[in-house]
Amino acid sequence: MSDYPSSEQLLDLFNWASPAMLVTDADGLVVLANKAAVELLADRASSGTKLADALGIDGYTALLAAGEPVENLNATFVNPDFASGYANVGFGEVEGSTYGFWALRPVTTHPTPSSQTGEGDSTAQAWINQVDRSNAAYTPVGEDAVKFIQAYYDNCPVAIHLIEEDGTVAHANWKDIAIVGASEQPDSYVGHHIRHIYADQEVVEDFLGRWGEDAPIIDFRADFLNKGERVPVVIFSTAKVEDNKLKNTRCFVFPDSHPDRKRDKVKALDLNF
């Protein structure tokens, strides 16, 4: 097991993630932005844009000076269907220079796969449709971006894990390992089946079937387990599927900004569906 996913996996993770992923320099100017970022921010995701200002986040200089990861900052987006959400940011170095590593998640009216499907332009399904659609404004990043994506994996305060076809956690970043209480013994989590960290087994069993079908899980509230205690999280997950076979998932897990909200139910659990 290597410390990072392969370069191919990292590029796929960045380019086609369901949350927005951005890298900024020490001045807060955009260096890299993924497809989801272009959908949320349009030209404000362009290189050289002052990201914190574009998101309506004050005090970037203080955040940079503190150098600590920050979660669930209120953020605004230019996308008319997804105009608000949250930003997580952490700081680290690449080749001796400081960068900011950002994860943005939009708020949706109905998560997927929820028992309440909803209709309209602001549902989770509508969001993933935007992420997946063709957009000439986005050019996928290449090999020269790998060093930044590795640093993103190491510094952005969003849990990231890649799951294989059999449900095994193949790779997990520091935040993912911490959120399930495995920081002291990462091997107790990585290399084992994902079902062990979900509080509600029926939810993960439903998810396992969806990943194999390349079905997205977007803005979905669930509970992980950390040493027996429930941890409220929000999941953004898609799958890389080739020749009808799951290669790996792209799972992003955010600490829930509203941990007291009712957990979402999958369609399979809704007897009226």
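Leaving aside neighbours within four places in sequence, Leu104 is in contact with Pro19, Ala20, Leu22, Leu40, Leu41, Leu55, Phe77, Tyr86 and Ala87, where contact means heavy atoms within 4.5 Å. The model is a predicted one, in which local features need pLDDT of at least 70 and side-chain atom pairs count only at pLDDT 80 or more, while totals for chains, interfaces and linings use all residues. Residues are numbered from 1 along each chain as its sequence is written, and side-chain values use heavy atoms, with hydrogens and water left out.

In soluble globular proteins, nonpolar side chains tend to be buried together.

The strands come next. An open sheet of 5 strands, with antiparallel pairing, has the order β2-β1-β5-β4-β3, two strands being paired if DSSP finds at least two bridges between them. At its edges stand β2 (30–33) and β3 (70–76), each with a single partner strand, so one side of each is left without a neighbour in the sheet. Neighbouring strands of this sheet are turned by 30° against each other on average, direction ignored. Between β3 and strand β4 (residues 84–94) the antiparallel pairing runs over 5 bridges, and Asn74 stands opposite Tyr86 in β4.

Another open sheet of 5 strands, also with antiparallel pairing, has the order β7-β6-β10-β9-β8. Here β7 (169–172) and β8 are the edge strands, each with a single partner, so one side of each is left without a neighbour in the sheet. Strand β6 (residues 159–163) is joined to β10 by 3 bridges in the antiparallel sense, and the bridge partner of His161 in β10 is Cys251. Helix α1 packs on the sheet, touching β6, β7, β9 and β10, and its direction makes about 55° with that of β10; axes are lines fitted to C-alpha atoms, for helices over the stretch in contact, and angles run from 0 to 180 degrees between N-to-C directions.

A search of the whole structure finds 14 salt bridges, a salt bridge being a side-chain nitrogen of Lys or Arg within 4 Å of a carboxyl oxygen of Asp or Glu.

Arg250 and Asp12 are both buried. Asp200 counts as partly exposed at 23% relative accessibility, and Arg230 is likewise partly exposed, with a relative accessible area of 45%. In the remaining pair, Asp223 counts as buried at 7% relative accessibility, as does Arg263 at 17%. A network of salt bridges links Asp200, Arg221, Asp223, Arg230, Asp256 and Arg263.

The structure also holds 11 aromatic pairs; rings of Phe, Tyr and Trp (its six-membered ring) pair if their centres lie within 6.5 Å, and planes under 30 degrees apart count as stacked, over 60 as edge-to-face and the rest as tilted. Trp16 and Tyr138 form an edge-to-face pair, 6.0 Å centre to centre with 75° between the planes. This pair links distant parts of the chain, with Trp16 in helix α1 and Tyr138 in the loop between α5 (124–132) and α6, 122 residues apart. Trp16 counts as partly exposed at 35% relative accessibility, whereas Tyr138 is buried, with a relative accessible area of 9%. The rings of Tyr60 and Trp102 have their centres 6.4 Å apart and their planes at 20°, so this pair is stacked. Tyr60 lies in helix α4 (residues 60–66) and Trp102 in strand β5 (residues 97–106), 42 residues apart, and both residues are buried. Ring pairs also link Tyr198, Phe207, Phe220 and Phe224 into a cluster.

Key. Buried < 20%, exposed > 50% of the residue type's maximum accessible area, 1.4 Å probe, protein only. Helix = DSSP H or I, 4+ residues; strand = E, 2+ residues; numbered from the N terminus.
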